[in-house]
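Subject: Structure handover, with notes

Dear colleague,

Please find below the structure I promised to pass on, followed by notes on what came out of going through it.

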Amino acid sequence: MTDHTYDSFFALHDRLPRQSPGSDATTRRLLAMAGPQPDRPRVLDLGCGPGKASLLLAAEAGAEVTAVDLHQPFLDELTEAAEARGLGDRIRTVMADMADLTGPDFADGSYDLVWAEGSAYIVGFDTAVRDWQRLLAPGGSMVITECVWTTGSPSAGARAFWDPQASLRPVAGNTDAAVRAGCHVLGGLVQPDSDWDEYYVPLAGRVASADPSAPGMAEALAATHEELEVRRRHGAEYGYAGYVLRPFDPRWRTRPETAADRKAVHEVVGAAFPTGDEADLVDALRTDPGAWLPGLSYVAEAPDGSVTAHALLTRCLVGETPALALAPVSTAPAHQRRGAGRAVVRAVLDAARLRGESLVLVLGHPEYYPAFGFVPASRFGIRAGFEVPDEAMMALVLDDSVPVPKGTIHYPAAFGV
C-alpha cells in the first residue's frame with residue numbers, strides 16, 4: 001500500500017462511528033459475560049479506533065480506560081468525545097503499537113479487562129491471547145472479537161477475498177486456540193448482522209461521496225468496493241464473533257479423568273456431600289451409555305498430583321433436544337473455597353464448547369453458578385419436571401447460533417427424577 005493509498009484509506013474512515021462491525025448492545029453483552037468488575041475497573045482498550053467501546057465502558061462500567069491506537073486522529077477524536085461527555089478524567093489515550101506493548105503503561109498485572117473489538121487480527125488471534133494475558137491482574141479477563149467462518153464449507157468467492165488477508169477459522173477453532181493458549185472461555189457470541197450495518201452503512205455513504213481523483217483514492221475505493229461486495233454476496237458465510245477469556249488459575253491443573261482416577265473421584269465426591277449418594281450417582285452414570293460422554297468428566301489436581309475437585313457433564317434432554325446436565329460438582333473439604341471447584345467447572349465447560357455442545361443445565365446454588373454465565377432456565381422456557389425454586393434451575397448457552405430448545409428437562413435414569 002502506497003503512502004497516498006494509506007492516507008486515502010484513513011480519509012474514507014475518518015469520523016466514522018465504528019472501524020469494525022459492532023454495537024453498543026454487543027459491547028454490553030460481552031461486558032456482562034466478563035462477570036462482576038471492581039468499582040472502577042482498569043480497562044486497556046487495544047486498537048480502540050474512535051473509541052466507541054472506551055466511551056461505553058467508562059460511562060456504564062465506571063471504568064478507567066487506557067485507550068491505545070496507532071492512528072493519532074482516532075485518539076484525538078476519542079479525546080474530544082470523552083471531554084464532551086464529561087468522561088475526560090476516565091479515558092486516557094496512548095499512541096502505541098499493539099504488537100509492541102512495552103513501557104509503564106503496559107506493565108504486567110495492570111488491568112482488570114483487556115478489550116479488543118475488531119483489532120486483534122493485526123497481531124493474530126493466537127498471538128493476542130498468548131501475549132496479552134500478562135497484562136491482566138488476578139481474576140482479570142480479555143474480550144476479543146474476531147472474524148470467523150460461520151459455515152463449514154466457505155465458497156471459493158469468500159475464500160478468494162479472505163484467505164490472502166486473514167486465517168479465518170470457525171468459532172470453535174478460536175475456542176480451541178484460546179484453551180491451548182491457557183485461557184478458559186467464559187462466554188462467546190456470534191455478532192448479529194446489524195453489527196455489520198453499523199460499520200458498513202456509514203462506510204458505503206462515505207464511499208459514494210469520495211473524490212476518486214484524489215491521490216491514492218482510486219485504489220482505496222476499489223478495495224473498499226470489493227469488501228462491501230463480498231459482504232453482500234457471501235455475508236452468510238462469515239461473521240464476527242466475540243470471546244470472553246480468563247487465564248487458567250495456575251494453582252490447579254485440570255484434565256479429563258482417567259480410569260485410574262475413579263477411586264479418587266469417588267472419594268472426593270463422597271467427602272464433598274453429607275451422604276454418599278452423589279458419589280454413587282457418578283458411578284451409576286458411568287454405566288449408562290446414553291448419559292455418559294467420554295471426556296466430560298473432569299478433575300482438578302493439587303500441586304502434589306492428588307485429585308481435589310471433580311465436575312461432570314452428562315447427556316440430558318430438553319423436550320427431545322440434546323443438552324448437558326452439570327452434576328455433581330465436588331471439591332475435597334480441605335481445598336474448598338480456594339478456586340479448585342471454579343477451575344474444574346470452567347475446564348469442563350471449555351471441553352463442552354469444543355465438542356460443539358450448545359446448552360448446559362444445572363440445579364444448584366444461585367449465588368455460585370451465575371459466575372460461570374448461568375441464568376434462570378425459565379428465561380428460555382425450560383423447566384424441571386419436579387418442584388424446584390426458579391432461581392436454582394439454571395441454564396448456560398454455549399453457542400448462541402443454535403436455537404435454545406423449550407420444554408421439560410429429562411434427566412438420565414440414575415438421577416431418579
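The largest cavity has a volume of about 50 Å³, where a cavity is, on a 1 Å grid over the protein atoms alone, a set of points at which a 1.4 Å probe fits but cannot get out, and a volume is the space filled by probe spheres set on the points, which are joined across faces, edges and corners. This is a predicted model, in which local features need pLDDT of at least 70 and side-chain atom pairs count only at pLDDT 80 or more, while totals for chains, interfaces and linings use all residues. Residues are numbered from 1 along each chain as its sequence is written, and side-chain values use heavy atoms, with hydrogens and water left out.

The structure holds 1 cavity of 30 Å³ or more. The residues that line the largest cavity, meaning those with an atom within 4 Å of a point, are Val185, Leu186, Arg346, Leu349, Asp350, Arg353, Ala371, Phe372 and Leu396. Two elements, β6 (183-190) and α12, each give two or more residues to this lining; helices (H or I, at least four residues) and strands (E, at least two) are DSSP runs, numbered from the N terminus. The most comes from α12, with 4 residues. By class, the lining of the largest cavity has 6 nonpolar, no polar and 3 charged residues, with Ala, Val, Leu, Ile, Met, Phe, Trp, Tyr, Cys and Pro counted as nonpolar, Asp, Glu, Lys and Arg as charged, and the others, Gly among them, as polar.

Turning to the pockets, the second largest pocket has a volume of about 940 Å³, a pocket being an open set of points with protein on both sides within 12 Å along at least five of seven lines. Its lining comprises 32 residues, of which Phe273, Val329, Ser330, His365 and Tyr369 lie nearest the centre of the pocket. The elements that give two or more residues to the lining of the second largest pocket are α11 (277-286), β11 (321-331), α12 (340-355) and β12 (359-363), and the largest share, 7 residues, is from β11. By class, this lining has 19 nonpolar, 8 polar and 5 charged residues.

Strand β11 also contains Pro328, and a cis peptide bond with omega of about -10 degrees joins Ala327 and Pro328. In the loop between β11 and α12 lies Arg337, whose phi is near 65 degrees, a positive value in a residue other than glycine. Arg337 is exposed, because its relative accessible area is 85%; buried means under 20%, exposed over 50% and partly exposed in between, with a 1.4 Å probe and protein chains only. Phi of Arg15, a residue other than glycine, is likewise positive and near 65 degrees, and Arg15 is found in the loop between α1 (3-13) and α2 (24-33). With 45% relative accessibility, Arg15 counts as partly exposed.

A search of the whole structure finds 15 aromatic pairs, the rings of Phe, Tyr and Trp (its six-membered ring) being paired if their centres lie within 6.5 Å, with planes under 30 degrees apart counted as stacked, over 60 as edge-to-face and the rest as tilted. The ring centres of Trp196 and Tyr238 are 5.6 Å apart and the planes are at 75 degrees, so this pair is edge-to-face. The pair links distant parts of the chain, with Trp196 in helix α8 (residues 193-209) and Tyr238 in strand β7 (residues 238-247), 42 residues apart. Trp196 and Tyr238 are both buried. Tyr369 and Phe374 form an edge-to-face pair, at 5.9 Å centre to centre and with 85 degrees between the planes, and both of these residues are buried.

One aromatic cluster is formed by Phe161, Trp162, Trp196, Tyr199, Tyr200, Tyr238 and Tyr240. The charged end of Arg231 sits over the ring of Trp196, 3.8 Å from its centre, and over the ring of Tyr238, 5.0 Å from its centre, the criterion being NZ of Lys or CZ of Arg within 6 Å of the ring centre and within 35 degrees of the ring normal.

With kind regards
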